[in-house]
Amino acid sequence: MSTLPIVTIPEKILRQKTRPVTKFDKELQQLIDNMIETMREANGAGLAAPQIGLPYQLAVIETPPEVDDEGNEIEGSREIHVIVNPEIVWTSRDMVKGVEGCLSIPGYVGEVERYDAIRVRAQDRHGRKLRLKVDDWTARIFQHEIDHLNGVLYIDRLTSPENIWTEEEFEKLMEAKRNGHEHSPVVGD
Ligand code: ZN
């Protein structure tokens, strides 16, 4: 396995619609493994093919780990999803605000409203039919990654144009909020 360079804005490929994957061959398996490794090394929760410069309907997602009472990660509690040719077929009525970052927009985070739960129809890495219902943080990551496959970035969906911050600004905001000095507009997850 090897890691791949991550494409950042304003690269055009991030704004293009992607093509369906039709061949589930060895090369695709290698690519998927490399995408997973790249996502992990970059500490991302997800990675879509356009982010490594490929115009295909393919994304990998890793759910956050569960933690025990002491706050330690429970081994094996992270779950990897590989979604090929995904389609959102149902969305919850409820929407939730949360703060997202993107490996293709380094150094920034922004507040975005997403469906609380979605149902997705896709194919797995071997081309088998996949139906998933995801909610909460996982649903947010899925929507973020599926957006990438349509050339959409989270900065297109900010709750307000001001609701984007550098990571440092955001840290300070969170700290102020913890200390009760400021009423922050952020509704974190
Ligand atoms: Zn992203």
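Mentor: Let's begin with the second largest pocket, whose lining residues divide into six nonpolar, two polar and three charged. This is a predicted model in which local features need pLDDT of at least 70 and side-chain atom pairs count only at pLDDT 80 or more, while totals for chains, interfaces and linings use all residues. Residues are numbered from 1 along each chain as its sequence is written, and side-chain values use heavy atoms, leaving out hydrogens and water.

Trainee: What makes a residue nonpolar, polar or charged?

Mentor: Ala, Val, Leu, Ile, Met, Phe, Trp, Tyr, Cys and Pro count as nonpolar, Asp, Glu, Lys and Arg as charged, and the others, Gly among them, as polar.

Trainee: What makes a space a pocket, and how is its volume found?

Mentor: On a 1 Å grid over the protein atoms alone, a pocket is an open set of points where a 1.4 Å probe fits, with protein on both sides within 12 Å along at least five of seven lines; lining residues have an atom within 4 Å of a point. Points are joined across faces, edges and corners, and the volume is the space filled by probe spheres set on them. That gives about 290 Å³ for the second largest pocket and about 630 Å³ for the largest. Of the 31 residues lining the largest, N43, G44, A45, G46 and G101 are the closest to its centre.

Trainee: What makes C102, H144 and H148 donors of the zinc ion?

Mentor: Donors are N, O and S atoms within 2.8 Å of the metal (3.2 Å for Na, K and Ca); water is not among the atoms, so sites may look incomplete. Here C102 (SG), H144 (NE2) and H148 (NE2) lie 2.1 to 2.2 Å from the zinc ion, so they meet the limit. Their spacing along the chain is C-x41-H-x3-H. C102 lies in the loop between β4 (95-101) and β5 (108-115) and H148 in helix α2 (residues 136-148), so the pair ties together parts 46 residues apart in sequence. Helices (H or I, at least four residues) and strands (E, at least two) are DSSP runs, numbered from the N terminus.

Trainee: How do you know whether C102 is buried or exposed?

Mentor: Buried means under 20% relative accessible area, exposed over 50%, partly exposed in between (1.4 Å probe, protein chains only). C102 is at 10%, so C102 counts as buried. At 1%, H148 is buried too.
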